[in-house]
Every structure is written in C-alpha cells, then in structure tokens.
Amino acid sequence: MKDDLAVVDVRDEDFYGGHVKGAINLDSFQFSDDAAVDSLIDKQLAGKGRVVVHCMLSQQRGPRCANRLAARLQERGLAQPAVLVMAGGFQKFARLYGSNPDLVELDN
C-alpha cells in the first residue's frame, strides 16, 4: 500500500475472513463515537493524503462511515486526508484481486 494512502474497512467480524492487505479495521458501529473516529484520525490517518473507506458492497455502511469521517475531519478543521469510497466494496475487490497475496490478506 502506498505511504500516503490508508484503507479503512468498516465491516465487523467478516473482516477476518479476508481483507485488503494492510487495511485498518474500525467497524461501522464505532463511527457513532467521536472518540473512536478521532483516534482513527490521530493515530492511523495522520500524514495520509487519501483514505479509502469500504464495507462488503460499499452501498450503505461504507458510504455512511466515509461521510462521518469527512464530517469529523471538517469539524476539526483538517483538510487531509481526502476521503473516498471503494466502488463495489470488498466483494468486488476480492473478485478482481482475491488470488493476489500482495493485495488480499486471509486470516486463518
């Protein structure tokens, strides 16, 4: 993963069935807690230019969490990182890249 890019996976226990290699897991329920979002921003997104947020399909949880993250960055007066949503979510990513161990990590 590029140094200026972070991937945030907002799935819960299904994260451990496979995920983007190097992804940060903060499940969607924690996005309602300012302290959890602030900790993500301060400890894991500092210095990043872009963050890609996703869930399984990126139709509900992923976009909702991306909006919450962007809003919290704005509330704190932070211009970076740019917040993006992964089109098609992990399901599409795994379909395209699931056999590449450099891109997908499986926890057994």
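First, some ground rules. This is a predicted model, in which local features need pLDDT of at least 70 and side-chain atom pairs count only at pLDDT 80 or more, while totals for chains, interfaces and linings use all residues. Residues are numbered from 1 along each chain as its sequence is written, and side-chain values use heavy atoms, with hydrogens and water left out.

Let us begin with the fold. The chain has 3 helices and 6 strands; here helices (H or I, at least four residues) and strands (E, at least two) are DSSP runs, numbered from the N terminus. Read from the N terminus, the order of the elements is β-β-β-α-β-α-β-α-β. Along its principal axes, the C-alpha trace spans about 40 × 25 × 25 Å. The radius of gyration of the chain is 13 Å, which agrees with the value near 13 Å for a compact globule of 108 residues. That radius is taken over C-alpha atoms, and the globule rule is 2.2 Å times the number of residues to the power 0.38.

How is the chain connected to itself? Contact means heavy atoms within 4.5 Å. Among contacts with a separation of 6 or more, 63% are between residues 24 or more positions apart. The chain exposes about 6100 Å², of which carbon and sulfur atoms supply 49%; such areas come from the Shrake-Rupley method with a 1.4 Å probe, and for residues only the protein chains shown count as cover.

Now look inside. Of the 108 residues, 38% count as buried. Buried means under 20% relative accessible area, exposed means over 50%, and partly exposed lies in between (1.4 Å probe, protein chains only). A nonpolar core is a set of buried Ala, Val, Leu, Ile, Met, Phe, Trp, Tyr and Cys residues joined through side-chain atoms within 4.5 Å. The largest one has 17 residues, and V8, F31, L40, L45, V53 and L69 have the most contacts inside it. Strand 1 (5-9), helix 1 (34-44), strand 4 (50-54) and helix 2 (61-75) each give two or more residues to this core, and the largest share, 4 residues, comes from helix 2. Another core lies apart from it, with 10 residues that include L5, V7, V20 and M86. To see one residue in its surroundings, pick V53: leaving aside neighbours within four places in sequence, its contacts include V8, C65, L69, V83 and V85.

Next come the charged residues. Side chains of opposite charge can pair when their charged atoms come close. A salt bridge is a side-chain nitrogen of Lys or Arg within 4 Å of a carboxyl oxygen of Asp or Glu, and the count by this rule is 9. In one of them, D34 pairs with R68, with the closest N and O atoms 2.0 Å apart. This pair links distant parts of the chain, as D34 is in helix 1 and R68 is in helix 2, 34 residues apart. D34 is partly exposed, at 33% relative accessibility.

R76 and D42 form another salt bridge, with 2.7 Å between the closest N and O atoms. R76 lies in the loop between helix 2 and strand 5 (82-85) and D42 in helix 1, so this pair ties together parts 34 residues apart in sequence. R76 is partly exposed at 31%, and D42 is partly exposed at 43%. E75 and R72 also pair, at 2.8 Å between their closest N and O atoms; they sit 3 residues apart in helix 2, which means about one helical turn separates them. R72 counts as buried, at 15% relative accessibility. Through shared partners, salt bridges join D34, D38, D42, R68, R72, E75 and R76 into one network.

Finally, visit a few single residues. H19 is found in strand 2 and is buried, with a relative accessible area of 4%. Beyond residues up to four places away in sequence, H19 touches D9, R11, F90, L103, V104, E105 and D107.
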